[in-house]
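I opened the notebook to look up the fold first, then a single helix.

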Amino acid sequence: MIILLYGQPASGKTTLSNELIRIYDNQDAIQIDGDKWRDVTKNKDYSKEGRNRNLKGAFDMALYLEREGYMPILSFVTPYEEYRKYLAENSNKLIEIYLFYNENVDRGRNMNFAKDFEAPKINFLSLNTSLFSVEQCVNEIINYVKI
């Protein structure tokens with residue numbers, strides 16, 4: 001199983017994946033975070049092509065880890081349906097968690113927004129992180145994963 005937390009920058013992806021890693025610690029969970037992945041790959045290109053290169057490499061690593069018995073928890077912007085579909089079609093089980101927050105809030109990461117973000121359509125849990133605490137969001141995710 002792979003858990004994908006995605007949404008615009010500053011929507012809570014890293015915060016929630018850190019908490020999920022803490023909770024799933026004894027279950028071979030492993031975190032792959034978009035910002036840390038970019039540091040490793042040295043890909044600072046936020047164009048569509050740059051984002052796609054970033055996602056392809058990270059998602060292939062997650063698929064490998066899943067096949068090796070780990071539970072990858074991914075936190076990436078993942079603005080394009082094409083890559084979410086790629087991950088869903090190639091994983092044993094993909095859990096999609098779409099995170100967003102109220103538009104009138106500036107959390108300081110707007111410069112990296114994906115202006116062409118494609119909102120999800122099917123098979124996902126949607127969480128407005130402006131309305132819920134970290135604990136409430138994590139509880140929602142855990143309940144959704146059990147389904």
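My entries on the chain follow.

**Ground rules.** I am working on a predicted model: local features need pLDDT of at least 70, side-chain atom pairs count only at pLDDT 80 or more, and totals for chains, interfaces and linings use all residues. Residues are numbered from 1 along each chain as its sequence is written, and side-chain values use heavy atoms, with hydrogens and water left out.

**Fold.** I looked up the elements and found 5 helices and 5 strands. Helices here are DSSP runs of H or I with at least four residues, and strands are E runs of at least two, numbered from the N terminus. From the N terminus, the order is β-α-β-α-α-β-α-β-β-α.

**Overall shape.** I checked the C-alpha trace: it spans about 35 × 35 × 30 Å along its principal axes.

**Contacts.** I took contact as heavy atoms within 4.5 Å. Of the contacts between residues at least 6 apart in sequence, 76% join residues at least 24 apart.

**Burial.** I counted a residue as buried under 20% relative accessible area, exposed over 50% and partly exposed in between (1.4 Å probe, protein chains only). Buried residues are 47% of the 147 in the chain.

**Helix α3.** I then looked up α3, residues 48-67, which has 20 residues. Its buried residues include Gly50, Leu55, Phe59, Leu63 and Glu66. Which elements cover them? The cover includes β1 (2-6), β2 (29-33), α2 (34-41), β3 (71-75) and α4 (81-90). Just after α3, I noted Gly69 with a positive phi of about 100 degrees.

How values were computed: Expected span 1.5 Å × (residues − 1).
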